[in-house]
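Look over the sequence and the model, then read on.

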Amino acid sequence: MALMMQLLILVLLPMAFLLPPGAEAGEIIGGWEAQPHSRPYMACLDIRRGDKRSHCGGFLVVENFVLTAAHCNGDKISVCLGAHDINQGEPSQQKLSVRRRIPHPQYNRETRNNDLMLLPVYYYV
C-alpha cells in the first residue's frame, strides 16, 4: 500500500507543475450542467473546520484516491461520489471517509502555488 501511494504521488504531483502559479478556480463561467451521472469520477468534499463547514471539488484518480486542492483541508473531510445533485439523496451516491491528507510537499499557503492534495479514501461500512 505504501509503495502504491508513493507511485501515485510520483505520477500525480508532477502534473502540478503544468499549472500556472496561483491558478485558481472559483466558478465555471459559460458552462452548462452535465448529463446526470456522466462524470462518475467527480467528487464533492465536505470539509469541517471546528464548527464551520465548507465544500470543495476533486476527482477520483484511482479506486481509493481523490485529488483535490491543498487549501481544501480541515479537521474532518468526507467525500461524496456518484452524485448529480449533492442536495438530493440519490441511490447512486457513495460516501467515503478520508484516511489521511497528503498535500504537495511544496504547497505554499500564501501564494497557493502547488495547491494539490491527495486523499486516500475508504468506503463507509
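The text below covers the fold, the cores, the cysteines, the charged pairs and the backbone.

This is a predicted model: local features need pLDDT of at least 70, side-chain atom pairs count only at pLDDT 80 or more, and totals for chains, interfaces and linings use all residues. Residues are numbered from 1 along each chain as its sequence is written, and side-chain values use heavy atoms, with hydrogens and water left out.

## Fold and surface

The protein has 1 helix and 7 strands. Their order from the N terminus is α-β-β-β-β-β-β-β. Helices (H or I, at least four residues) and strands (E, at least two) are DSSP runs, numbered from the N terminus. Contacts (heavy atoms within 4.5 Å) reach across the sequence: of those with a separation of 6 or more, 58% are between residues 24 or more positions apart.

Areas come from the Shrake-Rupley method with a 1.4 Å probe; for residues, only the protein chains shown count as cover. Of the 125 residues, 33% are buried. Buried means under 20% relative accessible area, exposed means over 50%, and partly exposed lies in between (1.4 Å probe, protein chains only).

Tyr41, Met42 and Phe59 make a nonpolar surface patch of about 270 Å². Such patches take residues with over 30% relative accessible area and no salt bridge; nonpolar side chains (Val, Leu, Ile, Met, Phe, Trp, Tyr) are joined within 5 Å, like charges within 9 Å. Tyr41 sits in the loop between helix 1 (2-12) and strand 1 (42-49). Tyr41 is partly exposed, because its relative accessibility is 38%.

## Nonpolar cores

In soluble globular proteins, nonpolar side chains tend to be buried together. A nonpolar core is a set of buried Ala, Val, Leu, Ile, Met, Phe, Trp, Tyr and Cys residues joined through side-chain atoms within 4.5 Å. The largest one here has 16 residues. Leu45, Val66, Val79, Leu119 and Val121 have the most contacts inside it. Strand 1, strand 4, strand 5 (94-98) and strand 7 (117-123) each give two or more residues to this core.

Which residues does Leu119 touch, leaving aside neighbours within four places in sequence? Leu119 is in contact with Leu45, Asn64, Phe65, Val66, Thr68, Ile77, Val98, Arg100 and Arg101. Another core, of 5 residues, lies apart from the largest one. Phe65, Leu67, Ile102 and Leu116 are among its members.

## Cysteines

A disulfide is a pair of cysteine sulfur atoms within 2.5 Å. The whole structure has 1 disulfide. Cys56 and Cys72 form it, with an S to S distance of 2.0 Å. The link is left-handed, with -80° about the S-S bond. Its ends lie in distant parts of the chain, 16 residues apart: Cys56 is in strand 2 (residues 52-62), and Cys72 is in the loop between strand 3 (65-68) and strand 4 (76-81).

| Cysteine | Relative accessible area | Class |
|---|---|---|
| Cys44 | 17% | buried |
| Cys56 | 17% | buried |
| Cys72 | 3% | buried |
| Cys80 | 6% | buried |

## Charged pairs

Side chains of opposite charge can pair when their charged atoms come close. A salt bridge is a side-chain nitrogen of Lys or Arg within 4 Å of a carboxyl oxygen of Asp or Glu. By this rule there are 2 salt bridges. Asp46 pairs with Arg48, with the closest N and O atoms 3.5 Å apart. Asp46 also meets Arg53, at 2.7 Å from N to O.

Asp46 is buried at 12% relative accessibility. Arg53 is exposed at 52%. Arg48 is partly exposed at 36%. Shared partners join Asp46, Arg48 and Arg53 into one network.

## Backbone

Most residues other than glycine have a negative phi, and most peptide bonds are trans. Arg112 has a positive phi of about 60° although it is not a glycine. Arg112 lies in the loop between strand 6 (102-103) and strand 7, and is partly exposed at 28% relative accessibility. Asn114 is not a glycine either, yet has a positive phi of about 60°. Asn114 is in the loop between strand 6 and strand 7.
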